[in-house]
Amino acid sequence: GARTDTTEFDYSIHQHLNVAYSQKIWNYCSSNNIPLVYASSAATYGAGEFGYADNHELPFKLQPLNPYGISKNEFDKWALQQTSFPPFWAGLKFFNVYGPNEYHKGRMASVIWHSFNQIKKDGRVMEMLSEHQCEGWLEGYILTGRHGLFNCYEAFIHIIDSMFNQHAKWLKVTAGLPWRKKLPSLNILLASHVWRQDHNGFTHQDPGFIDHVVNKKASVVRVYLPPDANCLLSVMDHCFRSRHYVNVIVAGKHPAPQWLSMEEAVVHCTKGIGIWEWASNDEGTEPDVVMGCAGDVPTLETLAAVSILREKLPELKIRVVNVVDLMKLQPEIEHPHGLSDKDFDALFTKNKPVIFAFHAYPWLIHRLTYRRTNHANIHVRGYKEEGTITTPGDMTVMNQLDRWDLVQDVIDRLPQLD
(Lines give C-alpha, C1' and ligand atoms only; values in the text may rest on other atoms or scores of the structure.)
Protein backbone atom coordinates (compact mmCIF):
# COMPACT_ATOMS: atom_id res chain seq x y z
CA GLY A 1 0.00 0.00 0.00
CA ALA A 2 3.02 2.34 -0.01
CA ARG A 3 4.58 4.47 -2.70
CA THR A 4 8.29 3.58 -2.52
CA ASP A 5 9.52 5.57 -5.52
CA THR A 6 11.70 8.23 -3.93
CA THR A 7 11.83 10.18 -7.20
CA GLU A 8 8.04 10.66 -7.42
CA PHE A 9 7.45 14.38 -6.93
CA ASP A 10 3.64 14.36 -7.02
CA TYR A 11 2.95 14.70 -3.30
CA SER A 12 -0.73 13.80 -3.65
CA ILE A 13 0.32 10.23 -4.51
CA HIS A 14 2.48 9.98 -1.40
CA GLN A 15 -0.26 11.58 0.70
CA HIS A 16 -2.81 9.04 -0.53
CA LEU A 17 -0.64 5.94 0.01
CA ASN A 18 2.09 6.73 2.52
CA VAL A 19 -0.05 8.83 4.85
CA ALA A 20 -3.79 8.22 4.45
CA TYR A 21 -3.58 4.50 3.67
CA SER A 22 -1.06 3.93 6.47
CA GLN A 23 -3.46 5.68 8.85
CA LYS A 24 -6.19 3.21 7.86
CA ILE A 25 -3.87 0.29 8.62
CA TRP A 26 -2.97 1.85 11.97
CA ASN A 27 -6.61 2.33 12.93
CA TYR A 28 -7.47 -1.24 11.91
CA CYS A 29 -4.62 -2.65 14.03
CA SER A 30 -5.65 -0.46 16.96
CA SER A 31 -9.28 -1.57 16.77
CA ASN A 32 -8.42 -5.27 16.43
CA ASN A 33 -5.54 -5.45 18.91
CA ILE A 34 -2.96 -6.36 16.21
CA PRO A 35 0.77 -5.48 16.58
CA LEU A 36 2.07 -3.19 13.82
CA VAL A 37 5.55 -2.78 12.41
CA TYR A 38 5.67 -0.32 9.51
CA ALA A 39 8.42 1.02 7.25
CA SER A 40 9.33 4.61 7.83
CA SER A 41 12.46 5.76 5.96
CA ALA A 42 15.89 7.26 6.47
CA ALA A 43 14.75 9.81 3.88
CA THR A 44 12.99 11.54 6.80
CA TYR A 45 16.39 12.64 8.13
CA GLY A 46 16.88 15.04 5.20
CA ALA A 47 20.40 16.46 5.15
CA GLY A 48 21.09 14.99 8.59
CA GLU A 49 21.51 18.37 10.25
CA PHE A 50 19.50 17.16 13.28
CA GLY A 51 21.28 13.84 13.57
CA TYR A 52 19.94 10.31 13.32
CA ALA A 53 18.56 9.62 16.79
CA ASP A 54 15.44 7.54 17.47
CA ASN A 55 13.87 9.76 20.13
CA HIS A 56 10.24 10.78 19.66
CA GLU A 57 10.92 14.52 19.61
CA LEU A 58 13.14 14.38 16.52
CA PRO A 59 10.45 13.80 13.80
CA PHE A 60 8.93 17.20 14.64
CA LYS A 61 12.23 18.93 13.81
CA LEU A 62 13.24 17.00 10.69
CA GLN A 63 13.26 18.61 7.25
CA PRO A 64 13.13 15.88 4.54
CA LEU A 65 14.42 16.88 1.12
CA ASN A 66 11.80 15.24 -1.15
CA PRO A 67 8.03 14.50 -1.14
CA TYR A 68 8.64 10.82 -0.35
CA GLY A 69 10.60 11.66 2.79
CA ILE A 70 8.05 14.31 3.79
CA SER A 71 5.17 11.81 3.54
CA LYS A 72 7.02 9.24 5.66
CA ASN A 73 7.79 11.86 8.31
CA GLU A 74 4.19 13.11 8.32
CA PHE A 75 2.97 9.63 9.19
CA ASP A 76 5.65 9.27 11.88
CA LYS A 77 4.48 12.51 13.50
CA TRP A 78 0.83 11.47 13.19
CA ALA A 79 1.55 8.10 14.85
CA LEU A 80 3.32 9.75 17.79
CA GLN A 81 0.32 11.99 18.44
CA GLN A 82 -2.30 9.22 18.58
CA THR A 83 -4.08 8.26 21.80
CA SER A 84 -5.37 4.98 20.34
CA PHE A 85 -2.66 2.63 19.10
CA PRO A 86 -1.84 -1.05 18.48
CA PRO A 87 -0.70 -3.21 21.45
CA PHE A 88 2.82 -2.99 20.03
CA TRP A 89 4.02 -0.76 17.24
CA ALA A 90 7.29 0.41 15.72
CA GLY A 91 8.40 2.39 12.68
CA LEU A 92 11.68 1.24 11.16
CA LYS A 93 13.89 3.68 9.25
CA PHE A 94 15.68 1.89 6.43
CA PHE A 95 18.72 3.35 4.67
CA ASN A 96 18.16 1.05 1.68
CA VAL A 97 21.70 -0.34 1.60
CA TYR A 98 20.83 -4.00 2.16
CA GLY A 99 17.73 -6.08 2.91
CA PRO A 100 16.20 -9.49 2.03
CA ASN A 101 13.21 -10.19 -0.25
CA GLU A 102 13.70 -7.20 -2.55
CA TYR A 103 13.00 -8.73 -5.95
CA HIS A 104 9.67 -6.95 -6.34
CA LYS A 105 11.15 -3.46 -5.79
CA GLY A 106 12.79 -3.04 -9.20
CA ARG A 107 14.94 0.08 -9.43
CA MET A 108 14.04 1.04 -5.84
CA ALA A 109 15.79 -2.05 -4.48
CA SER A 110 18.90 -1.60 -2.33
CA VAL A 111 22.44 -0.73 -3.36
CA ILE A 112 23.65 -4.25 -2.51
CA TRP A 113 20.85 -5.91 -4.52
CA HIS A 114 21.63 -3.88 -7.64
CA SER A 115 25.39 -4.33 -7.26
CA PHE A 116 25.05 -8.09 -6.78
CA ASN A 117 22.92 -8.50 -9.88
CA GLN A 118 25.17 -6.28 -11.98
CA ILE A 119 28.22 -8.32 -10.97
CA LYS A 120 26.31 -11.56 -11.56
CA LYS A 121 25.27 -10.41 -15.04
CA ASP A 122 28.55 -8.85 -16.26
CA GLY A 123 30.99 -10.99 -14.32
CA ARG A 124 33.26 -8.12 -13.31
CA VAL A 125 33.58 -4.78 -11.56
CA MET A 126 35.51 -2.02 -13.31
CA GLU A 127 37.44 0.69 -11.53
CA MET A 128 38.62 3.17 -14.14
CA LEU A 129 41.28 5.84 -13.71
CA SER A 130 40.73 7.31 -17.16
CA GLU A 131 39.12 10.72 -17.35
CA HIS A 132 38.37 10.61 -21.07
CA GLN A 133 36.77 7.16 -20.72
CA CYS A 134 34.55 8.33 -17.87
CA GLU A 135 33.58 11.49 -19.75
CA GLY A 136 32.69 9.43 -22.81
CA TRP A 137 30.62 7.04 -20.73
CA LEU A 138 28.67 9.91 -19.16
CA GLU A 139 28.04 11.69 -22.47
CA GLY A 140 26.69 8.47 -23.95
CA TYR A 141 24.61 7.82 -20.84
CA ILE A 142 22.88 11.19 -20.82
CA LEU A 143 22.23 10.91 -24.56
CA THR A 144 19.81 8.12 -23.61
CA GLY A 145 17.83 10.59 -21.48
CA ARG A 146 19.24 9.51 -18.13
CA HIS A 147 20.97 11.63 -15.50
CA GLY A 148 24.57 11.30 -14.34
CA LEU A 149 27.58 12.79 -12.63
CA PHE A 150 31.31 12.75 -13.40
CA ASN A 151 33.42 13.18 -10.25
CA CYS A 152 37.06 14.08 -10.96
CA TYR A 153 40.21 15.59 -9.52
CA GLU A 154 40.19 19.29 -10.36
CA ALA A 155 43.75 19.24 -11.73
CA PHE A 156 43.10 16.32 -14.09
CA ILE A 157 39.73 17.35 -15.51
CA HIS A 158 41.83 19.18 -18.11
CA ILE A 159 42.33 15.79 -19.76
CA ILE A 160 38.79 16.10 -21.17
CA ASP A 161 39.04 19.78 -22.20
CA SER A 162 38.42 19.01 -25.87
CA MET A 163 35.60 16.56 -25.09
CA PHE A 164 33.90 19.25 -23.02
CA ASN A 165 34.41 21.67 -25.92
CA GLN A 166 32.63 19.40 -28.37
CA HIS A 167 29.75 18.62 -26.03
CA ALA A 168 29.22 22.31 -25.20
CA LYS A 169 29.21 23.22 -28.90
CA TRP A 170 26.83 20.35 -29.65
CA LEU A 171 24.45 21.56 -26.93
CA LYS A 172 24.52 25.08 -28.35
CA VAL A 173 23.65 23.92 -31.87
CA THR A 174 21.01 21.35 -30.91
CA ALA A 175 19.20 23.86 -28.68
CA GLY A 176 18.11 25.55 -31.91
CA LEU A 177 16.70 22.38 -33.51
CA PRO A 178 12.96 22.08 -32.84
CA TRP A 179 12.95 18.31 -33.36
CA ARG A 180 15.74 17.69 -30.85
CA LYS A 181 14.57 17.23 -27.26
CA LYS A 182 16.64 18.83 -24.53
CA LEU A 183 18.81 16.31 -22.73
CA PRO A 184 19.75 15.99 -19.06
CA SER A 185 22.71 18.21 -18.24
CA LEU A 186 26.32 17.07 -18.18
CA ASN A 187 27.28 17.42 -14.49
CA ILE A 188 30.96 17.60 -13.51
CA LEU A 189 31.85 17.60 -9.81
CA LEU A 190 35.40 18.64 -8.93
CA ALA A 191 35.73 17.39 -5.35
CA SER A 192 39.50 16.90 -5.02
CA HIS A 193 40.39 20.55 -5.49
CA VAL A 194 43.44 22.78 -5.37
CA TRP A 195 43.19 23.85 -1.71
CA ARG A 196 42.94 20.30 -0.40
CA GLN A 197 45.67 18.65 -2.46
CA ASP A 198 48.30 19.39 0.16
CA HIS A 199 49.20 15.67 0.39
CA ASN A 200 49.68 15.17 -3.38
CA GLY A 201 51.49 18.41 -4.03
CA PHE A 202 52.03 20.89 -6.82
CA THR A 203 51.20 18.51 -9.69
CA HIS A 204 47.65 18.12 -8.34
CA GLN A 205 47.00 21.84 -7.81
CA ASP A 206 45.31 23.49 -10.78
CA PRO A 207 41.89 25.20 -10.63
CA GLY A 208 41.97 26.42 -14.25
CA PHE A 209 39.20 24.28 -15.72
CA ILE A 210 36.53 26.84 -14.88
CA ASP A 211 38.50 29.48 -16.86
CA HIS A 212 38.15 27.15 -19.84
CA VAL A 213 34.44 26.55 -19.19
CA VAL A 214 33.38 30.19 -19.08
CA ASN A 215 34.68 30.71 -22.61
CA LYS A 216 31.76 28.70 -23.97
CA LYS A 217 28.31 29.99 -24.87
CA ALA A 218 26.51 31.55 -21.92
CA SER A 219 23.33 29.66 -22.77
CA VAL A 220 25.14 26.37 -22.13
CA VAL A 221 27.62 26.69 -19.23
CA ARG A 222 27.07 27.07 -15.49
CA VAL A 223 29.69 27.17 -12.70
CA TYR A 224 28.80 26.69 -9.03
CA LEU A 225 31.00 27.10 -5.94
CA PRO A 226 28.90 26.01 -2.92
CA PRO A 227 30.42 27.20 0.39
CA ASP A 228 29.17 24.28 2.52
CA ALA A 229 27.48 20.87 2.42
CA ASN A 230 23.89 22.13 2.51
CA CYS A 231 24.60 24.46 -0.39
CA LEU A 232 26.16 21.55 -2.25
CA LEU A 233 22.98 19.52 -1.74
CA SER A 234 20.85 22.38 -3.05
CA VAL A 235 23.12 22.96 -6.06
CA MET A 236 23.20 19.26 -6.96
CA ASP A 237 19.41 19.01 -6.70
CA HIS A 238 19.14 21.88 -9.19
CA CYS A 239 21.78 20.46 -11.53
CA PHE A 240 20.22 17.01 -11.69
CA ARG A 241 16.87 18.58 -12.61
CA SER A 242 18.34 20.87 -15.25
CA ARG A 243 18.56 20.13 -18.95
CA HIS A 244 20.88 21.01 -21.80
CA TYR A 245 23.66 22.59 -19.74
CA VAL A 246 27.16 21.73 -18.66
CA ASN A 247 27.14 22.24 -14.89
CA VAL A 248 30.55 22.46 -13.21
CA ILE A 249 30.46 22.21 -9.41
CA VAL A 250 33.56 22.72 -7.27
CA ALA A 251 33.35 21.47 -3.69
CA GLY A 252 35.87 19.86 -1.36
CA LYS A 253 35.31 16.42 0.14
CA HIS A 254 37.01 17.04 3.50
CA PRO A 255 35.12 17.92 6.72
CA ALA A 256 34.32 21.63 6.80
CA PRO A 257 32.11 24.11 8.70
CA GLN A 258 28.39 24.26 7.97
CA TRP A 259 27.39 27.91 7.55
CA LEU A 260 23.73 27.70 6.51
CA SER A 261 20.72 25.61 7.46
CA MET A 262 19.09 23.61 4.67
CA GLU A 263 16.33 26.20 4.27
CA GLU A 264 18.83 29.07 4.21
CA ALA A 265 21.00 27.17 1.72
CA VAL A 266 18.09 26.66 -0.69
CA VAL A 267 17.26 30.38 -0.59
CA HIS A 268 20.89 31.42 -1.00
CA CYS A 269 21.61 29.00 -3.85
CA THR A 270 18.40 29.94 -5.66
CA LYS A 271 19.58 33.56 -5.67
CA GLY A 272 23.13 32.46 -6.51
CA ILE A 273 24.69 35.40 -4.65
CA GLY A 274 23.84 37.34 -1.55
CA ILE A 275 24.83 39.30 1.53
CA TRP A 276 25.43 37.15 4.59
CA GLU A 277 23.87 39.49 7.12
CA TRP A 278 24.76 37.27 10.07
CA ALA A 279 28.46 37.72 9.21
CA SER A 280 28.17 41.45 8.34
CA ASN A 281 27.74 44.47 10.58
CA ASP A 282 26.85 47.22 8.08
CA GLU A 283 23.17 46.69 8.97
CA GLY A 284 21.92 47.79 5.56
CA THR A 285 23.95 51.00 5.45
CA GLU A 286 26.89 51.79 3.17
CA PRO A 287 29.80 49.61 4.33
CA ASP A 288 33.43 50.67 4.67
CA VAL A 289 34.56 47.51 2.90
CA VAL A 290 32.98 44.56 1.09
CA MET A 291 34.42 41.09 1.70
CA GLY A 292 33.48 38.89 -1.26
CA CYS A 293 34.10 35.17 -1.48
CA ALA A 294 33.47 32.25 -3.84
CA GLY A 295 34.43 28.69 -2.92
CA ASP A 296 34.49 26.68 0.30
CA VAL A 297 38.06 27.47 1.43
CA PRO A 298 37.92 31.17 0.39
CA THR A 299 34.65 31.46 2.33
CA LEU A 300 36.27 29.96 5.43
CA GLU A 301 39.25 32.34 5.20
CA THR A 302 37.02 35.34 4.54
CA LEU A 303 34.83 34.66 7.57
CA ALA A 304 37.92 34.16 9.71
CA ALA A 305 39.28 37.48 8.48
CA VAL A 306 35.97 39.18 9.24
CA SER A 307 36.05 37.76 12.77
CA ILE A 308 39.50 39.26 13.32
CA LEU A 309 38.47 42.63 11.90
CA ARG A 310 35.27 42.82 13.93
CA GLU A 311 37.19 42.02 17.12
CA LYS A 312 40.13 44.36 16.52
CA LEU A 313 38.33 47.13 14.61
CA PRO A 314 34.71 47.07 15.86
CA GLU A 315 33.95 50.50 14.37
CA LEU A 316 34.60 49.17 10.84
CA LYS A 317 31.44 48.49 8.83
CA ILE A 318 31.91 45.24 6.93
CA ARG A 319 29.63 43.56 4.37
CA VAL A 320 30.13 39.89 3.46
CA VAL A 321 28.95 38.81 0.00
CA ASN A 322 29.05 35.12 -0.88
CA VAL A 323 28.90 33.90 -4.49
CA VAL A 324 27.60 30.42 -5.34
CA ASP A 325 26.70 30.95 -9.00
CA LEU A 326 29.84 32.42 -10.55
CA MET A 327 27.95 33.67 -13.60
CA LYS A 328 26.09 36.14 -11.40
CA LEU A 329 29.17 38.35 -11.62
CA GLN A 330 28.74 38.87 -15.36
CA PRO A 331 26.38 41.56 -16.69
CA GLU A 332 22.90 40.34 -17.55
CA ILE A 333 23.53 41.17 -21.22
CA GLU A 334 26.39 38.62 -21.24
CA HIS A 335 24.87 35.73 -19.32
CA PRO A 336 21.24 34.82 -18.46
CA HIS A 337 22.23 34.49 -14.79
CA GLY A 338 24.10 37.79 -14.73
CA LEU A 339 23.15 40.63 -12.40
CA SER A 340 22.06 44.02 -13.65
CA ASP A 341 24.45 46.87 -12.90
CA LYS A 342 21.96 48.19 -10.34
CA ASP A 343 21.81 44.87 -8.47
CA PHE A 344 25.58 44.41 -8.66
CA ASP A 345 26.19 47.90 -7.26
CA ALA A 346 23.68 47.23 -4.49
CA LEU A 347 25.86 44.33 -3.34
CA PHE A 348 29.38 45.57 -4.05
CA THR A 349 28.79 49.37 -3.89
CA LYS A 350 29.93 51.92 -6.44
CA ASN A 351 33.11 53.13 -4.76
CA LYS A 352 34.10 51.05 -1.71
CA PRO A 353 37.03 48.60 -1.58
CA VAL A 354 36.07 45.02 -2.38
CA ILE A 355 38.40 42.29 -1.10
CA PHE A 356 37.41 39.17 -3.02
CA ALA A 357 38.69 35.72 -2.02
CA PHE A 358 38.32 33.35 -4.96
CA HIS A 359 38.77 29.61 -5.37
CA ALA A 360 40.67 29.70 -8.67
CA TYR A 361 42.99 32.02 -10.61
CA PRO A 362 42.20 35.62 -9.54
CA TRP A 363 42.11 37.17 -13.00
CA LEU A 364 38.93 35.26 -13.87
CA ILE A 365 37.01 37.52 -11.49
CA HIS A 366 38.44 40.56 -13.27
CA ARG A 367 37.36 39.11 -16.62
CA LEU A 368 33.81 38.66 -15.37
CA THR A 369 33.51 42.08 -13.72
CA TYR A 370 35.56 44.40 -15.93
CA ARG A 371 32.44 46.33 -17.04
CA ARG A 372 31.17 46.94 -13.52
CA THR A 373 31.08 50.42 -12.01
CA ASN A 374 33.38 49.55 -9.10
CA HIS A 375 35.77 47.27 -10.96
CA ALA A 376 38.78 49.46 -10.17
CA ASN A 377 38.22 48.82 -6.46
CA ILE A 378 37.87 45.03 -6.71
CA HIS A 379 41.00 43.33 -5.35
CA VAL A 380 41.08 39.56 -5.84
CA ARG A 381 43.01 36.91 -3.96
CA GLY A 382 43.18 33.41 -5.41
CA TYR A 383 45.52 30.67 -6.55
CA LYS A 384 48.83 32.10 -7.82
CA GLU A 385 50.54 28.88 -8.93
CA GLU A 386 52.25 28.41 -5.58
CA GLY A 387 52.08 24.95 -4.05
CA THR A 388 53.82 21.91 -2.69
CA ILE A 389 53.21 19.07 -0.22
CA THR A 390 52.31 21.06 2.87
CA THR A 391 49.44 21.82 5.24
CA PRO A 392 46.08 23.18 4.04
CA GLY A 393 46.68 26.38 5.99
CA ASP A 394 50.09 26.88 4.45
CA MET A 395 48.57 26.50 0.98
CA THR A 396 46.45 29.59 1.61
CA VAL A 397 49.45 31.48 3.05
CA MET A 398 51.63 30.65 0.03
CA ASN A 399 48.98 32.12 -2.28
CA GLN A 400 48.07 35.06 0.02
CA LEU A 401 44.50 33.82 0.37
CA ASP A 402 44.80 33.34 4.13
CA ARG A 403 42.83 35.32 6.70
CA TRP A 404 45.82 37.43 7.73
CA ASP A 405 46.56 38.59 4.19
CA LEU A 406 42.87 39.42 3.75
CA VAL A 407 42.93 41.49 6.94
CA GLN A 408 46.07 43.28 5.70
CA ASP A 409 44.34 43.96 2.37
CA VAL A 410 41.52 45.72 4.19
CA ILE A 411 43.93 47.80 6.26
CA ASP A 412 45.99 48.78 3.20
CA ARG A 413 42.94 49.97 1.26
CA LEU A 414 41.12 51.99 3.89
CA PRO A 415 42.69 55.45 4.37
CA GLN A 416 41.02 55.87 7.78
CA LEU A 417 43.17 52.99 9.06
CA ASP A 418 46.52 54.58 8.12
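Two strands are taken to pair if DSSP finds at least two bridges between them. Helices (H or I, at least four residues) and strands (E, at least two) are DSSP runs numbered from the N terminus. The structure is a predicted model, in which local features need pLDDT of at least 70 and side-chain atom pairs count only at pLDDT 80 or more, while totals for chains, interfaces and linings use all residues. Residues are numbered from 1 along each chain as its sequence is written, and side-chain values use heavy atoms, without hydrogens and water.

Within the parallel pairing of β8 (residues 289-294) with β10 (residues 354-358), which spans five bridges, Ala294 has Phe358 of β10 as its bridge partner. These strands belong to an open, mixed sheet of five strands ordered β7-β9-β8-β10-β11. Its edges are β7 (273-275) and β11 (378-381), each pairing on one side only.

A salt bridge requires a side-chain nitrogen of Lys or Arg within 4 Å of a carboxyl oxygen of Asp or Glu; the count by this rule is 10. Three of them are tabulated here.

| Pair | Closest N to O |
|---|---|
| Asp76 and Lys93 | 3.9 Å |
| Arg241 and Asp237 | 3.0 Å |

Asp76 lies in helix α2 (residues 67-80) and Lys93 in the loop between β2 (89-92) and α3 (111-122), so their bridge ties together parts 17 residues apart in sequence. Asp76 is buried at 5% relative accessible area, whereas Lys93, at 22%, is partly exposed; buried means under 20%, exposed over 50%, and partly exposed in between (1.4 Å probe, protein chains only). Both Lys312 and Glu311 are exposed.
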